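Let's take a friendly walk through a protein model together. Keep the sequence and the 3D view open, and look up each residue as it comes along.

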Amino acid sequence: MTARASSPLAAGRALSPATDGQGPLPWRPASAAVLVFFVAAALATGLIWHDHDDRQREARELAGDLVAERMYAIQGSIDRALSPTYALLAMLQQGSGTIARFEATAGQLLRYQAGVAALQLAPGGVVRQVAPLNGKAQVMSRDLRADPASRRAALLARDSGQMTLTAPFRRSEGGIAVAGLLPVFLDDGDGRQAFWGFAIALIALPEALAPARLAELVARGYAYQLSLLPAGSDQSLLIDTSPTLLPIEPVERHLQVANATWTLRIAPAQGWIDLAGLSWKAGVALLLCLLLAWQAASQAQLLARARTHERDLERRVAQRTADLQRFAEISAHHLREPARRVASYAGHLRARLAGRVDDDEVQLSLDFIGQQAGKLQNLLRDIELYLAADQAPGALAPCDVDKTLGEVLAMLAEPLAEADARLAVGRLPGALIDAPRLASIFRITLDNALHHGRGERPLRLEIAGERHGERVRYRICDNGPGVEAVYRQRVFRLFERLSSTGEGTGVGLAILRRIAESVGGRAWLEESAGGGCCVLLDLPAAEQQRPAERCR
């Protein structure tokens, strides 16, 4: 018998260039660093942008509160500036269209209204009285319904009966102003209200809006614009603005007062985007991303080194295992020849000394030498079989189980006859295994039953199988004394024997387990129905094969 080469699987592991620690490992740290950098950058960008949106929303909400507060103050300022006209209206109604000492009365009203430049009366729409008159003689006899600057507002006030503001105009003293026209209707004596004219308040801008404190917005870092859309006009006119240009997308509020629309727009002077804050956050995020990428590269490099070391250890273990297997195979092979020669020479010497030496002790010693040499030969043979049990002679293929079992039974026909064994063979589904090792499975289990299953009753053997999905289970049972439950795992160990006086080498069931596990199966013992022992084997099931696909 020639020595076999080491396991092809082990050799393949030892020589494969894919496991030498070189290959793709050098670029993996860089890939990990790039991946972690971009993932961290994406997360950081999302967090920064989310924080930016939150801050911008908070900033717009704060600006909205400010503009609402200022618009409320503007409304109060305009209402206060227009309130003297209602006092004039009451006096006109009491005086049937006249106010005694108008200039003195108007002077008293103006003392409490810092933003009102003058009060006027315009019976029939023509300005007749002005207080104070200083420098305002030119406005006397001005027909408001005919003047292009006030005609639209005058007609709207008369027709609607409501206070109406004119478009802004420049004052002779400097600055701009708007006039609030309050229409006056008096009883005509027939119980009807007839249009008398207007009570007018001339409002200086932006002095009248001082209580709104728009200038404070600049001190708080905001830019603003206040505009007025007069009644009947489609063009807003700028009333007041901050020194800084108003950024885009300002927060704005509208206010309807005296048939005119006031609009206040505010926004942070530096814009809604905090470029300095974003730059600082982006710099910190970039630094963190780089640190994470460096850490990922370091970890990947350590992992690559660990994998290289692990594969090197696997290669060394595989090589050592292959060396040990080869050593064991060669040792077993070469030791069988000395054992055979010892047994042969012991028999030859016993034959030569027969009739010449009457010493029984010499004969017993020669018999013992021969027996032990034979046992040694059997032990070495089984060791070789055990070492080769996980190596298929050929490719795994579906087997003709009935044919393989028939060959084994023919080989064991004489021992079975001597034991007066009765054999029952059931249906045996195909398994995915090579025929030589399947034959070894049946031979070992039957041989084990012949040696250890004999009791007081005639030996009965039963062989059956069944398929469970992708698995096949074979049962080889006898009616012998059986094996106690505590020893049913132990008997599958190498050189394990339940009795030191029994026959066998203690290797058979170990070979059986090694064959089963090498094809992805397992082997174990159970008690049979009659109190004997059952050897069970679970193996991969074979697909339904054509006759030409039988294993060899």
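E252 is partly exposed, with a relative accessible area of 32%. Here buried means under 20% relative accessible area, exposed means over 50%, and partly exposed is in between (1.4 Å probe, protein chains only). E252 forms a salt bridge with R265, and their closest N and O atoms are 2.7 Å apart. The term salt bridge stands for a side-chain nitrogen of Lys or Arg within 4 Å of a carboxyl oxygen of Asp or Glu. This pair links distant parts of the chain, as R265 belongs to strand β10 and E252 to strand β9, 13 residues apart. R265 is partly exposed too, at 23% relative accessibility.

## About this model

This is a predicted model, in which local features need pLDDT of at least 70 and side-chain atom pairs count only at pLDDT 80 or more, while totals for chains, interfaces and linings use all residues. Residues are numbered from 1 along each chain as its sequence is written, and side-chain values use heavy atoms, with hydrogens and water left out. Helices (H or I, at least four residues) and strands (E, at least two) are DSSP runs, numbered from the N terminus.

How many salt bridges does the structure hold? There are 18. Side chains of opposite charge can pair when their charged atoms come close.

One of these bridges joins D51 and R55 at 2.9 Å, N to O. Both residues sit in helix α2, 4 residues apart, so about one helical turn separates them. D51 is partly exposed at 25% relative accessibility, whereas R55 is exposed at 52%. Another bridge brings together R192 and D188 at 3.5 Å, N to O. R192 is exposed, with a relative accessible area of 54%, and D188 is partly exposed, with 35%. Elsewhere, E69, R70, R213 and E216 are linked in a network of salt bridges.

## Rings and charges

The whole structure has 4 aromatic pairs. Rings of Phe, Tyr and Trp (its six-membered ring) pair if their centres lie within 6.5 Å; planes under 30 degrees apart are stacked, those over 60 are edge-to-face, and the rest are tilted. F185 and F195 have ring centres 5.7 Å apart and planes at 65°, so their pair is edge-to-face. F185 lies in strand β5 and F195 in strand β6, so the pair ties together parts that are 10 residues apart in sequence. F185 is partly exposed at 25% relative accessible area, and F195 is partly exposed at 24%. Ring pairs also link F185, F195 and F198 into a cluster.

The rings of F442 and Y474 have centres 6.0 Å apart and planes at 45°, so this pair is tilted. F442 is in helix α10 and Y474 in strand β13, so the pair ties together parts 32 residues apart in sequence. Both residues are buried.

Charges can be found over rings as well: the charged end of R60 sits over the ring of W272, 4.6 Å from its centre. R522 lies over the face of W524, at 3.8 Å from the ring centre. For this, NZ of Lys or CZ of Arg must be within 6 Å of the ring centre and within 35 degrees of the ring normal.

## Nonpolar cores

A nonpolar core is a set of buried Ala, Val, Leu, Ile, Met, Phe, Trp, Tyr and Cys residues joined through side-chain atoms within 4.5 Å. The largest one has 51 residues, and I74, L205, W262, L264 and I266 have the most contacts inside it. Helix α2 gives this core its largest share, 11 residues. Apart from it lies another core, of 47 residues, among them C399, L409, L416 and L461.

Most residues other than glycine have a negative phi, and most peptide bonds are trans. Which residues does a cis peptide bond join, with omega about -5°? They are A131 and P132, and P132 is in the loop between β2 and α4. A cis peptide bond also joins L205 and P206, with omega about 5°.

S96 is not a glycine, yet its phi is positive, about 50°. S96 is in the loop between α2 and α3 and is exposed, with a relative accessible area of 65%. E249 also has a positive phi, near 55°, and is exposed at 53% relative accessibility.
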